[in-house]
Amino acid sequence: MNNLLDIKHLSKNYNSLNGEVEAIQNLSLSIKDGEFLCIIGPSGCGKSTILNILAGLDMDYKGQVIYKEGITSSYMTQEDALFPWLSVFDNACIGLKIQNKLTEESKCYVHYLLDKYGLKDFKNTKITNLSGGMRQRVALIRTIATKPKLVFLDEPFSALDYVSRLKVSDDIYSILKEEGITCIMVTHDIAEAITLSDRVVVLSKRPSKIKHIYDINLSDKSTPINNRKSVEFGKYYELLWRDIDDNE
């Protein structure tokens, strides 16, 4: 696979009341075309900071973030950030409006995505009338409506209860794979990382460095829920847990 994104010697410092703090230290990583990569690590290690830098939301860093030519990206935050006074369809079109790409063709694509992923009968429904899982599906469709090649997800299931998290992780994984979109996701949930990912990057405590990168090879790999039944799941869970626990 070709690399969509290369990160070379990424470092970041920021100022606090106690002086300068080193947040990220000499981090290098390549993102492969078509993969689902999860980043995990102890609380406060800088996972979201790294995602903000890669997404172009934070330009105050040292090192290089090199995109393959022509690659576009989109970002989905922890909160769904949907507008309660708008319909499902109008919320799904927000990204296109912001980028000045709302055309009849792009509207048709939004209709196609909503129809394909179980929201056909809810297009004119207000967001406030949807379940948490359905809201996340709308948020993801808004994210991919601009046809990005790479999507950043910052703990997208954190506001959901356990059962909803499982169901929505299946939904989002299936949508991204079906649409051929590469994904980098930050999560604190080890099981989530194992069952969604092709690779898991484990970060150290601050200053954040790459501690290990694991290729996740599961027997009969399919959806995240089914992947929890894999015979290798427990082995990976123990390895990742030990890595993060050693950081504390």
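Here are some questions and answers about this predicted model, each setting a value against the rule behind a word.

Q: What makes the protein as compact as a globular protein of its length?
A: Let's start with what it is built from: nine helices and nine strands. The radius of gyration is 18 Å, and the globule rule for 248 residues also gives a value of 18 Å, so the protein counts as compact as a globular protein of that length. To picture the dimensions, the C-alpha trace spans about 50 × 45 × 40 Å along its principal axes.

Q: How many of the 248 residues are buried?
A: Buried residues make up 50% of them.

Q: What share of the contacts joins residues at least 24 apart in sequence?
A: Take the contacts between residues at least 6 apart in sequence: 72% of them join residues at least 24 apart.

Q: Why is Asn100 called exposed?
A: Its relative accessible area is 73%. The word applies over 50%, so Asn100 is exposed. You will find Asn100 in the loop between helix H3 (94-98) and helix H4 (104-116).

Q: Why is Gly234 called partly exposed?
A: Gly234 has a relative accessibility of 43%. That value falls between the 20% and 50% cut-offs, so the label is partly exposed. Gly234 belongs to helix H9 (residues 233-247).

Q: What makes Glu192 and Arg165 a salt bridge?
A: Their closest N and O atoms are 2.8 Å apart, and the limit is 4 Å, so the pair passes the test. Glu192 lies in helix H7 (residues 190-196) and Arg165 in helix H6 (residues 162-178), so the bridge ties together parts that are 27 residues apart in sequence. Both Glu192 and Arg165 are buried.

Q: What does the salt bridge between Lys177 and Asp198 tie together?
A: The N to O distance in this pair is 3.2 Å. Lys177 is in helix H6 and Asp198 in the loop between H7 and S8, so the bridge ties together parts 21 residues apart in sequence. Lys177 is partly exposed at 31%, and Asp198 is partly exposed at 24%.

Q: How many salt bridges does the structure hold?
A: It holds 15 salt bridges. Side chains of opposite charge can pair when their charged atoms come close.

Q: Why does Asp170 have no salt bridge?
A: Look at the nearest side chain of opposite charge: Lys167, 6.7 Å away. Leaving aside neighbours within four places in sequence, Asp170 is in contact with Thr223, Pro224 and Ile225.

Q: How do you know that the bond joining Arg206 and Pro207 is a cis peptide bond?
A: Its omega angle is about 0 degrees, and the bond is cis. Pro207 is in the loop between strand S8 (199-203) and strand S9 (210-215).

Q: What is the phi of His9, and where does His9 lie?
A: Phi of His9 is near 55 degrees, a positive value in a residue other than glycine. His9 lies in strand S1 (residues 3-16).

Key
Residues numbered from 1 in each chain as written. Predicted model: local features only at pLDDT ≥ 70, side-chain atom pairs only at ≥ 80, totals over all residues. Heavy atoms only, no water. Helix = DSSP H or I, 4+ residues; strand = E, 2+ residues; numbered from the N terminus. Buried < 20%, exposed > 50% of the residue type's maximum accessible area, 1.4 Å probe, protein only. Rg over C-alpha atoms; globule rule 2.2 N^0.38 Å. Contact = heavy atoms within 4.5 Å. Lys, Arg positive; Asp, Glu negative; His and termini not counted.
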